[in-house]
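Trainee: I have a new structure to read. Can you walk me through its spaces, sheet and helices?

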Amino acid sequence: MIGDSHSSAALKLSWARLGGEKTAPLPDDVSPTDIKDGYKTQHELHKILMEAGYGPLGGHKIGCTTPVMQEYLGIDHPCAGRIFTATIHPTSVHLPLDAYHRVGVECEIAAKIGADLLGGGSAWTAETVRETVTALYPAIEIVDDRYVDFRSMPAATLIADDFFNAGAVLGAPVTEWRDLDLLSLPGRMSVDGEVVGEGKGADILGDPMAALAWLANLRLEQGRPLMSGEFVLLGSIVKTVHLDQPAAVSAEIDGLGTVSVQFY
């Protein structure tokens, strides 16, 4: 991609998020050619959406950090996106189904960052980044399948479009989390009271903090480091569940609590 191709791709991706039809595969002349191009297009998309009324960015998400999600999407590596502040909801919220093309929900652990994750000569590791985390949350990531056929979309294009993200519901922050065994920490997601998926912390790249370190290093390389006060969704421990009718969704992470959303 050269010239204004990143902007052209971003504009096409923005239509579905601004009330347009689902996104079809992008034309070859603007489609991101690789992962790096995908992130450059993502940056341009954020500019378009902010100007269109989405407002500021407030958080981050990482997709495909667990075996269940890598198998579901057919992508064997983590993929990062951003989350707009206007789409971040507290603890329990009611949301309309018709605000999305095909809404989905995921059960996640989220981490709040308490320091600017700047470069200091060494790459961030699970051990070093752990010291910067001031709180963990139980979380539901809200995703939107805004594509004619997402399986026909290359990973680079999905990355450019924030890897399905459409928001997040965050539970109460847990500041006393350091005595928890994050690797064995179990969690589950329920829809209308029925458990639809279960997992544990170690499913997330072997250690949830390894996922956070991966993102810290990626964003540092891109010149947009993670900053104090931001939060990161570390990846779903359950397979995405898509909803086509009103439903009550809850996600519970043992030791962290429960978070819920009612779609109507």
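**Cavity, pocket, sheet and helices**

Trainee: What classes of residue make up the lining of the largest cavity?

Mentor: The lining of the largest cavity has nine nonpolar, five polar and four charged residues. Here Ala, Val, Leu, Ile, Met, Phe, Trp, Tyr, Cys and Pro count as nonpolar, Asp, Glu, Lys and Arg as charged, and the others, Gly among them, as polar. This is a predicted model, where local features need pLDDT of at least 70, side-chain atom pairs count only at pLDDT 80 or more, and totals for chains, interfaces and linings use all residues. Residues are numbered from 1 along each chain as its sequence is written, and side-chain values use heavy atoms, leaving out hydrogens and water.

Trainee: Which residues lie nearest the centre of that cavity?

Mentor: M69, L73, E106, F164 and T240 do, out of 18 lining residues. A cavity is a set of points on a 1 Å grid over the protein atoms alone where a 1.4 Å probe fits but cannot get out, and lining residues have an atom within 4 Å of a point. Elements giving two or more residues to this lining are β1 (57-63), α3 (67-73), β5 (103-113), β6 (133-144) and β10 (231-236). Helices (H or I, at least four residues) and strands (E, at least two) are DSSP runs, numbered from the N terminus.

Trainee: How much space lies in the largest pocket?

Mentor: About 240 Å³. A pocket is an open set of points with protein on both sides within 12 Å along at least five of seven lines. Of the 17 residues lining the largest pocket, Y54, A99, Y100, D144 and A166 are the closest to its centre.

Trainee: Which element gives the most to the lining of the largest pocket?

Mentor: β7, with three residues.

Trainee: Now the sheet. What is the order of its five strands?

Mentor: The open sheet runs β4-β13-β12-β8-β9, with mixed pairing. Two strands pair if DSSP finds at least two bridges between them. β4 (92-95) and β9 (194-200) are the edge strands, each pairing on one side only.

Trainee: In which sense do β12 and β13 pair?

Mentor: Antiparallel, over seven bridges, with β12 at residues 247-253 and β13 at residues 257-263. S250 has S260 in β13 as its bridge partner.

Trainee: And the helices: at what angle do α1 and α2 pack?

Mentor: At about 50 degrees, with the axes of α1 and α2 (residues 35-54) 8 Å apart. Axes are lines fitted to C-alpha atoms, for helices over the stretch in contact, and angles run from 0 to 180 degrees between N-to-C directions. That angle makes α1 oblique to α2; under 35 degrees counts as roughly parallel, over 145 as roughly antiparallel, 65 to 115 as roughly perpendicular and the rest as oblique.

Key
Grid points are joined across faces, edges and corners, and a volume is the space filled by probe spheres set on the points.
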